[in-house]
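Dear colleague,

I am passing on the structure we spoke about, and my notes on it follow below. Please read them with the model open beside you.

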Amino acid sequence: SYVYFHPDHFQIKICAFLFNAYSLLRYGADAAAVGAIPAFYVIARLVTAVCGIAMIPVAHCLLERIKRGTGVFAAFSVAFFPAYITHSGYASPDVPLSLVILVLIYLGVRHLERGGIGTVVAMGVATAIGMTTKYPAAICCFYVAGIIVVEGFRTRSAKEIALRILLVAAVAFVCLFAISPNLVTDLPSVLASLRNEARTVHLGADGLGFFGNLWFYATGLFSIPDATYNDTPYTSLESIVFLAAGIALLARRKARYLIPFSLCLLLWVCLSVFGLHWLRWGLPMYAGPLVLMGLGLYAAVAASATLLGRTPAAPDGARRSRGGLFAFGGIAIALLAAVFSLNALASSVALAKSAVVPQTRVEALAYCEENGITPQNSAFDGYTPFNLRLAGSAADSFADAASLETAENEGIDYIVISSYMYERYDPSNPDHMDAIRFYSTVRSECELVGEWKATEIEQTPFGLVNLMAKIGYLAAPANECLAGPDIAIYRISE
């Protein structure tokens, strides 16, 4: 039961079933007997990838239900959102929860249309899956209750509304207990996990406060703020135009359907209360706005076609003037939509390329093996050749990191540092000054013997400039590009 101290219980259950199925088919034994094998990592990541892929048809169905003929635009907006593409490759709960949120928005829209018991039960099941994926999804309980109240406000009695809320609560509890009974039977561990997730200190993910977190997640929808991963392409600031257009169109045509999208606002506020901030935590709240961006993209395409269609074939006088304005407006809107769409496509291709080009840590590891640099004779950061995936600081190998000259560092000849670590330290934070001085000492007093820098995609807030930068990156030969953290190896001077 200790494994349920970690969230994403629903994924754990699915992966456990798939691990055992694979082990029995491949080795004739259960997963526990086989142990941790590479195939299990692939399967776990495939589960997340399937959830990411499933978001595309759900987004299509959601927007198609709101307005016929628009589903493809929502599918496009979700499918080519860079952060979803990146995190669909990780065995983490954020993309699966994004799928659950999208399903709940769809069910909310459907319930406002039909108000059947079936959607009440479905929302209960989806809420339970969300809560067993990540604890903050408990906010969905209030969302579901709100949808039931709004739907029945004018057509049902208070008693009937109350009974429906009790029904959805019962369904959610039964499903939650069936998926993860530990959430009920081992409540102390659950509370301990919640306290751990609610901690206020974590290197590179703290210190913003409530309003700072609100801003972080809001800007994260349009670009990846303060990213330490310099090989991740950003989206474009122009997408805010399509979000605003989508909201405006829905408010004008079917304002009631904006209510299900409020779930994303609830998540935004809920996650901002926590002391820490991570971009991936914000992925579930982006599902709704991305669908609305798709609606805005449809509105832009329709408006462009209408304006260009109103241009007179043989203009003269006042008609020529109006025709010119129509043509200019239609072309401007079409270009804006093209920049948004092409930037999303280019981001996706750039992400694919960054996954297959040589990796900085692998190249640095080859250099270390050729030159006798080992974990035993070096101090190294996390996210370096000797510690590929976990955080860690080379400074911890020294009793006095500022001098590099204590008995504790006997036998240490090299220091390996990573941008995934040193970029986390904030010069304005007094608690980070020792670490910043350590890196400064390494750079000034040690000999640089090797350095591998990721190929950067220069970014601005605007999609047109970013599009050009991504095209330049894609045009570069793959064997001349690197991806990953910047790695530097220093030899300690004698």
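Helices here are DSSP runs of H or I with at least four residues, numbered from the N terminus. The model is a predicted one, in which local features need pLDDT of at least 70 and side-chain atom pairs count only at pLDDT 80 or more, while totals for chains, interfaces and linings use all residues. Residues are numbered from 1 along each chain as its sequence is written, and side-chain values use heavy atoms, with hydrogens and water left out.

Helices α12 (209–220), α13 (239–254), α14 (258–273) and α15 (283–309) each supply at least two of the lining residues, and α14 gives the most, with six. By class, 17 residues of this lining are nonpolar, two are polar and none is charged.

There are also two cavities of 30 Å³ or more, a cavity being a set of points where a 1.4 Å probe fits but cannot get out. The second largest cavity holds about 50 Å³ of space, and it is lined by L97, K134, P136, L267, L271, W281 and P284. Six of these residues are nonpolar, none is polar and one is charged.

Best wishes

Definitions and conventions. Ala, Val, Leu, Ile, Met, Phe, Trp, Tyr, Cys and Pro count as nonpolar, Asp, Glu, Lys and Arg as charged, and the others, Gly among them, as polar. On a 1 Å grid over the protein atoms alone, a cavity is a set of points where a 1.4 Å probe fits but cannot get out, and a pocket is an open set with protein on both sides within 12 Å along at least five of seven lines; lining residues have an atom within 4 Å of a point. Grid points are joined across faces, edges and corners, and a volume is the space filled by probe spheres set on the points.
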